[in-house]
Each structure stands twice: as C-alpha cells, then as structure tokens.
Amino acid sequence: MSRTLILARSETRHFNLIFLLAFSMLLVSPAPSRAEPAIAEQIAKTYGLDSFGQVEAIRYTWNGEFPGGHNLSNKWEWSPKTGTVSFEGKDKEGNSVKVTYQRSQISSQSDVVKKEVDPAFANDQYWLLLPFHLLWDGAAATDEGQQKRPTGDTSAQRVVMKYPSEGGYQPGDTWDLYVGADKRIEEIVYHRGAANPPHLVSAKYADYKRAGPLLISTDHPGLVDGETFRITITDVSVKLTGSDNWINAQ
C-alpha cells in the first residue's frame, strides 16, 4: 500500500512532506521500458535485502530540519519480525512521548500513537529503507535509462517508482530514483499524487554506512517546493538473529 509520509509536524505549519523528490531536466533517451523486476531487485539487493531476514531489530534516530526553523528528532527501535515499535520523541504539541506498541494492534492504541507516532514511523522507516520498498509495496517500476540528474550536468540511471491512482494513503505518488553504476541511489525526486502540498521534493542520498548486512544512506539534503530541508539518520545499529549485541553503523 502506498504510504505518504509526514516529514514534519508543527503547531503553526504542517509539513506533509512525503518524501522524495523533485524533477529533473531530461536527456533524450529510449522510451521507458516496463520495469523488469530485475532493476528493482538489483537495487534492493545492493542495500542488503537478501540478508534482511537476519535482522531482529533496528535502532535509529531520524532528524529533520525544515523551513522556518522547524526541527524534529524521532528515536526508534523496530523489530521487523514481531512488528514491535518503540518511539521516543515529541507530539505535535511539543510534549514528550515515549511508547512501545505492536503495529498489528494499532486500533487499540491512543490517538497520539494512531494519528502521530505510527504515521511518523511509516515515514521515517521509509527514509531508512527506501530501496526495499521498490519490492515491498507493489509499486510499478520503470527503467528509463540514463537521464540528466536533478543537480549537476552528469547522468544517472533513472528508475521511476509509481503507486496506483486508486487505493493507498496517497494514490498516484511517484518517486524518481537516480541510480549509479554500483546500484546505489544517489538522488531522488518525489511528485505528490494529491493536490495538497508539498508538490515537489528533491534530495540527495549521501553518507552511506553499513549496519551489519544493511547499507544505509544517512544524509538527505534537498528542497521541498523550492525551500531547503535536510534529513539525517543517526545512531543506526542492528541486532541480528542469535545475538544480543548491537552492531553500529560505520
């Protein structure tokens, strides 16, 4: 199911920044090919998809710096196999929140968890593991060949990831992924399917680190509807099956 993500929440201004990114000027290239699952699989495997089943838990802090001086810091621990999520941060009123819950039992949680914490988890985890969503979410992917990057004059392989026009949280959302020869995402461009802002978000995927078998991009500077923002992912660590030790990203 398509999930748009809330990047920032504020009493004075809400940034429903779903995350990804802006448009680019394109070079002439062959007509798009209906994405062979091969390209999505190649990208996801580069980030460790084949070893994701070894991951018992992931810890990370998602930090956002947004226009107008609105900053957020969400601390997460997620156990993918059990769906257990622990959150430490603030609600939209600025009150401290610390909670652990099961995503499968979200209907029994408080409104803060249902309407703020869990949507924030979906958003932040998407930034953390975007390449896996190429396969997880059932979005259509097309390989459009070498195209000019949104920034600079060089080219990269552009893979377009589009959600259906019906169903999902934000129908019609589209992400353009600019991928290097090593199958790492280098830049992304997000086009919102709905009429409400933000309409265009662009960001780089930089400062790669490894946490166990996972490859994580930890720095995402960019633009949201023409204004600068930055997302960083810090304190990343994973715990693998059969071990009580946390492996820090390096």
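## A bend in helix α2

Let's start with the helix α2, which bends by about 90° at Leu130, with a proline, Pro131, following within four residues. The bend is the angle between axes fitted to the seven residues ending at a residue and the seven starting there. This is a predicted model, in which local features need pLDDT of at least 70, side-chain atom pairs count only at pLDDT 80 or more, and totals for chains, interfaces and linings use all residues. Residues are numbered from 1 along each chain as its sequence is written, and side-chain values use heavy atoms, with hydrogens and water left out.

The end C-alpha atoms of α2 span only 27 Å, whereas a straight helix of 26 residues would span 38 Å at 1.5 Å a residue; the expected span is 1.5 Å times one less than the number of residues. Of the 26 residues in α2, 19 are buried, leaving the helix mostly covered. Here buried means under 20% relative accessible area, exposed over 50%, and partly exposed in between (1.4 Å probe, protein chains only). After α2 comes Gly138, with a positive phi near 75°.

## The chain as a whole

The protein chain has two helices and 14 strands. Helices (H or I, at least four residues) and strands (E, at least two) are DSSP runs, numbered from the N terminus. Of the 250 residues in the protein chain, 51% are buried. Among contacts with a separation of 6 or more, 53% join residues 24 or more positions apart, a contact being heavy atoms within 4.5 Å.

## The nonpolar core

Which residues touch the most other members of the largest nonpolar core? They are Ile58, Tyr60, Trp62, Trp76, Trp127, Leu177 and Ile185, out of 58 residues in that core. Helix α2 (residues 111–136) gives the most to this core, with eleven residues. A nonpolar core is a set of buried Ala, Val, Leu, Ile, Met, Phe, Trp, Tyr and Cys residues joined through side-chain atoms within 4.5 Å.

Leaving aside neighbours within four places in sequence, its contacts include Trp76, Phe121, Asp124, Gln125, Leu128 and Ile233.

## A buried glutamate

Strand β6 (residues 140–148) holds Glu144. Is Glu144 buried or exposed? Glu144 is buried, because its relative accessible area is 14%. Its side chain makes a polar contact with the side chain of Arg158 at 2.5 Å. A polar contact is a pair of N or O atoms within 3.5 Å; within protein, one must be able to donate a hydrogen and the other to accept it, and residues adjacent in sequence count only if both atoms are side-chain atoms.

## Strands β9, β10 and β12

Strands β9 and β10 pair in the antiparallel sense over five bridges, and Val189 stands opposite Ser202 in β10. β10 also pairs in the antiparallel sense with β12 (residues 214–224), over three bridges, where Ser202 stands opposite Leu223. Two strands pair if DSSP finds at least two bridges between them.

## Backbone details

In the loop between β9 (185–191) and β10 (200–204) sits Pro198. The peptide bond from Pro197 to Pro198 is cis, with omega near 5°.

Two residues other than glycine have positive phi. Lys183, with phi of about 65°, is in the loop between β8 (174–179) and β9. Asp207, with phi near 50°, lies in strand β11 (residues 206–211). With a relative accessible area of 43%, Asp207 is partly exposed.
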